[in-house]
Amino acid sequence: MVEPSIVPKKDRGIWSRLLLDNSIVVALVALFFVFYFSIPIFGTTRNLTNILLESSVTAIIAVGMTFVIIAKEIDLSVGSVLCFCGMVYASLSVAGVNVVLGFIITLGAGFMIGTINGMATMWLRIPSFIVTLAMMTIARGAALLWRNGESIRGMTRDYLWFGQKEIIGMPVPVFLLLVVGVSGFMILKFTKFGLHTYSIGGNSEAARLAGIRVKLVDVLIFALAGTCAAISGVITTSRLGIGSPITGNGKELDAIAAVVLGGASLNGGKGSVIGSLAGALTVTMLGNGMTLLRVSSYWQRVLIGIVIVVALAFQRDSGLMSLLKRER
């Protein structure tokens with residue numbers, strides 16, 4: 001007779017897989033409760049809103065980056081695209097362009113830059129690492145040349161709406177994050193485009209032989225990443241109230257870290273939007289909690305880096321997990 005407290009081996013396997021597949025969500029919840037019970041002001045509405053606002057920029061970029069990494073590519077230009085599109089957005093404001101049209105033009109700029117990245121990668125057969133590294137430099141240089149390194153001031157009130165106003169009590173950046181996150185989840189989970197993204201990341205040659213237009217899908221994936229970066233550029237510029245040529249530094253690394261923390265594999269074919277959003281929230285929440293604990297910002301970067309390495313070491317397809325399985 002089996003004792004009730006003993007879980008069958010098969011069930012233990014199911015629970016282990018479930019825990020591994022959702023480890024970042026578990027870590028996020030655990031981190032929340034640790035900070036909630038150890039820091040009195042952490043759980044206040046104001047602080048939680050600040051966490052969502054701070055994570056919105058990285059999380060939106062991470063949604064686009066999720067598609068890129070699943071397709072076994074990389075995009076290092078998103079931080080500079082954020083900056084460049086922010087300069088475009090601020091310039092349109094100063095020029096008196098209607099805010100809706102300005103928003104569309106800014107997103108179009110991000111879409112075009114992403115498309116160029118994709119076309120150069122697919123048709124010129126240059127690795128995406130090199131293409132987007134070059135675009136990172138080009139976009140940042142263009143942003144600095146825009147006003148000879150100076151910020152663009154004098155934005156109209158309408159253009160500040162995306163970063164400083166609310167919709168039904170919800171900050172607009174958080175609302176945009178919700179829209180982008182849900183849209184990305186639905187596209188990746190329930191459309192042919194999402195299925196093709198996974199197929200290309202798993203085996204691009206097999207996907208091509210199956211009739212998938214690999215080059216077109218990859219170009220659209222990079223265009224999506226550029227568009228997400230443009231949305232984050234709008235939010236950043238609206239929150240600051242100026243178009244600054246130094247915004248977005250390091251955002252590409254934050255987004256990649258969020259996506260990989262969320263369970264995506266740099267080998268392609270694996271990842272999820274929910275995991276990436278949880279990864280972005282985890283990094284932001286960790287930084288927020290350490291700030292409230294008055295941990296030096298220098299040490300924060302060190303500790304966050306250590307957390308990322310440890311988290312990745314325990315992913316299912318990591319070398320450490322493979323070693324542990326062999327020892328069993």
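**Helix packing and a buried serine**

Me: At what angle do the axes of α9 and α11 cross?
Reply: In this predicted model, the axes of helix α9 (residues 192-202) and helix α11 (residues 214-240) cross at roughly 105° and come within 10 Å.

Me: So what do we call that, parallel or perpendicular?
Reply: Roughly perpendicular, because angles of 65 to 115 degrees count as such.

Me: Which residues make the contact?
Reply: From α9, F193, H196, T197 and I200. From α11, V214, V217, D218, L220 and I221.

Me: And by class?
Reply: The contact of α9 with α11 has 6 nonpolar, 2 polar and 1 charged residues.

Me: Switching to α13. Is it enclosed or exposed?
Reply: Largely enclosed by the rest of the structure, because 15 of its 20 residues are buried.

Me: How does its length compare with what it should span?
Reply: Helix α13 covers residues 273-292, and at 1.5 Å a residue it should span 28 Å. The end C-alpha atoms are 29 Å apart, which agrees.

Me: What caps its N-terminal end?
Reply: S272 does, with a side-chain oxygen 3.0 Å from the backbone nitrogen of G275.

Me: And what about phi at R294, after the helix?
Reply: R294 follows α13 and has a positive phi, near 65°.

Me: Buried or exposed?
Reply: S91 counts as buried, because its relative accessibility is 15% and the cut-off is under 20%.

Me: What is S91 in contact with, leaving aside neighbours within four places in sequence?
Reply: W146 and I152.

Conventions. Residues are numbered from 1 along each chain as its sequence is written. This is a predicted model: local features need pLDDT of at least 70, side-chain atom pairs count only at pLDDT 80 or more; totals for chains, interfaces and linings use all residues. Side-chain values use heavy atoms; hydrogens and water are left out. Buried means under 20% relative accessible area, exposed over 50%, partly exposed in between (1.4 Å probe, protein chains only). Contact means heavy atoms within 4.5 Å. Helices (H or I, at least four residues) and strands (E, at least two) are DSSP runs, numbered from the N terminus. The expected span of a helix is 1.5 Å times one less than its number of residues. A polar contact is a pair of N or O atoms within 3.5 Å; within protein, one must be able to donate a hydrogen and the other to accept it, and residues adjacent in sequence count only if both atoms are side-chain atoms. Axes are lines fitted to C-alpha atoms, for helices over the stretch in contact, and angles run from 0 to 180 degrees between N-to-C directions. Angles under 35 degrees count as roughly parallel, over 145 as roughly antiparallel, 65 to 115 as roughly perpendicular and the rest as oblique. Ala, Val, Leu, Ile, Met, Phe, Trp, Tyr, Cys and Pro count as nonpolar, Asp, Glu, Lys and Arg as charged, and the others, Gly among them, as polar.
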